[in-house]
Amino acid sequence: MKYAFPDNFWWGSASSALQTEGAREGETTWDYWFAREPNRFHNGVGPQQTSTFYQHWKTDIQLLKQLNHNSFRTSISWARLIPDGIGEVNPEAVDFYNQVIDELNEQGITPFMTLFHFDMPMAMQEIGGWENRDVVDAYARYAQICFELFGDRVLHWFTFNEPIVPVEGGYLYDFHYPNVVDFRRAATVAYHTVLAHAKAVQAYRAGHYAGEIGIVLNLTPSYPRSQNPADVKAAHIADLMFNRSFLDPVLRGEYPADLVALLKAYDQLPACKPEDSALIAEGKIDLLGVNYYQPRRVKCRDSAVNPQAPFMPEWFFDNYEMPGRKMNPYRGWEIYAPGIYDILVNLRDNYGNPRCFISENGMGVENEQRFIENGQVNDQYRIEFISEHLTWLHKGISEGCNCLGYHMWTFIDNWSWCNAYKNRYGFIQLDLETQQRTMKKSGEWFADTALHNSFDKE
């Protein structure tokens, strides 16, 4: 069967500054954390050892062209552009980003630019990071500088990538710096991130730029174990905390009332100012990026909460391992392609069918060298993963969902937070010793799909 996509569909991939560029002038939280606790990073490989996009941007953009990308998302590093977060703009960073943006446009690849992809300047973290409203203002200034410098050529902007992740990682579950476990502080970080987002949107609108502004959210559909009311309620609370805590403010301009009531009942609400609600209402977006990797399956708790334990989302649900689920064993994640369809239908039916696109979807596999045949990684498993997800995406579009594109994570094997190069995600294989780049089988498949705006599947 042939699956054809709408005209002008965005075919491309996503990456980030910190994971690809390499050495920066300004220190980020990742540089600081790695210098102090290299043992927390897979094989002791830190954020300096990336896929060297800073040196190889021109040839890498040629690879994007070979992959028949018509669009590509990356991010600007706040710490590279403004090393201390608030002071002088680094002219070398301006030159670098100008060259990248101009080259992308020249090659017919539309740049999609993210302003913040987990890389807090350490100078900003030292004054409290997102817990401090001064950092919110510093971010708004940084955003405005980016719009002024690059807004004539970048027409698709995103304030944040997966803003729930620094909340979870840094303030609940101890997998990002500053390794705090404190729900109220996590709620403050999340709240101030929404305020920072809204201030950036406000600045963009005030500048009357020609493009559009949005945000990229990692949406994880929450599926209850059963239709028992206790399981359904557990899934609803997981959805409120992990999806709707950002989805509702950016699409509806306000928080879900039942999330506010829940946090209030447990005395976990962040400090709010009277003028905040009007600001949040101004943060409604033009375009939503959806990152989808895995579903969240939950059931009601079947044991009592330890009252001495820190307040956590898991007070309200347990994770549920569905029998027979399909797994990516290398990442420990369930593979569930219909989830991409369920997300789009939810957006269509409950959020006014916003303009959106799949901004990340991908499959990380360990030790891909074992699949090399005739000098090329034969990653048929990745082709199957993509085509399965695209089939469900196609179904959503055919039923009226307003999805405009599909970006894969990622175009080249890159450094991944604490996992370094353990799992490879790219269309292009990266040899870490030589920095040689070789297209995988999936890259050829994707290039063909993008070229014909369609693919065939039995």
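**Reading the strands, helices and core**

Reader: How many bridges join strand 13 to strand 17, and do they run parallel or antiparallel?

Author: Two bridges join strand 13 to strand 17 (residues 403–409), and the pair runs parallel. Keep in mind that this is a predicted model. As a general idea, strands of a sheet pair through backbone hydrogen bonds, in either a parallel or an antiparallel way. To find this pair by eye, look for C356, which stands opposite C403 in strand 17.

Reader: Which other strand pairs with strand 13, and in which sense?

Author: That's strand 8 (residues 287–291), which pairs with strand 13 in the parallel sense over four bridges. Here C356 turns up again, as the bridge partner of L288.

Reader: Why is strand 13 described as largely enclosed?

Author: Count the buried residues: five of the five in strand 13 (residues 356–360) are buried, so the rest of the structure largely encloses this strand.

Reader: What about the open sheet of three strands: what is its order?

Author: The order is 7-9-10, and the pairing is mixed.

Reader: Now helices. At roughly what angle do the axes of helix 3 and helix 5 cross?

Author: The general idea first: a packed helix pair is described by the angle between the axes and the distance between them. For helix 3 (residues 53–66) and helix 5 (residues 91–106), the axes come within 10 Å and cross at roughly 10°. Since angles under 35 degrees count as roughly parallel, helix 3 is roughly parallel to helix 5. By class, their contact has eight nonpolar, two polar and three charged residues. Among those that meet are F53, Y54 and W57 in helix 3, and F96, V100 and L104 in helix 5.

Reader: Which residues touch the most other members of the largest nonpolar core?

Author: In general, nonpolar side chains of soluble globular proteins tend to be buried together. In this model the largest nonpolar core has 136 residues, and W78, W130, Y139, W157, L288, L393 and Y406 touch the most other members. Helix 9 (residues 183–206) supplies the largest share of this core, 14 residues. Another core lies apart from it, with six residues, including F112, F158, V216 and L287.

Reader: Where does G22 lie, and what does it touch?

Author: G22 is in the loop between helix 1 (17–20) and helix 2 (29–36). With 5% relative accessibility, G22 counts as buried, because the cut-off is under 20%. Beyond four places in sequence, G22 touches Q48, T50 and R80. Look at W415 too: W415 and G22 are 393 residues apart along the chain, while their C-alpha atoms are separated by 9.6 Å.

Conventions
Residues are numbered from 1 along each chain as its sequence is written. This is a predicted model: local features need pLDDT of at least 70, side-chain atom pairs count only at pLDDT 80 or more; totals for chains, interfaces and linings use all residues. Side-chain values use heavy atoms; hydrogens and water are left out. A nonpolar core is a set of buried Ala, Val, Leu, Ile, Met, Phe, Trp, Tyr and Cys residues joined through side-chain atoms within 4.5 Å. Buried means under 20% relative accessible area, exposed over 50%, partly exposed in between (1.4 Å probe, protein chains only). Axes are lines fitted to C-alpha atoms, for helices over the stretch in contact, and angles run from 0 to 180 degrees between N-to-C directions. Angles under 35 degrees count as roughly parallel, over 145 as roughly antiparallel, 65 to 115 as roughly perpendicular and the rest as oblique. Contact means heavy atoms within 4.5 Å. Ala, Val, Leu, Ile, Met, Phe, Trp, Tyr, Cys and Pro count as nonpolar, Asp, Glu, Lys and Arg as charged, and the others, Gly among them, as polar. Two strands pair if DSSP finds at least two bridges between them.
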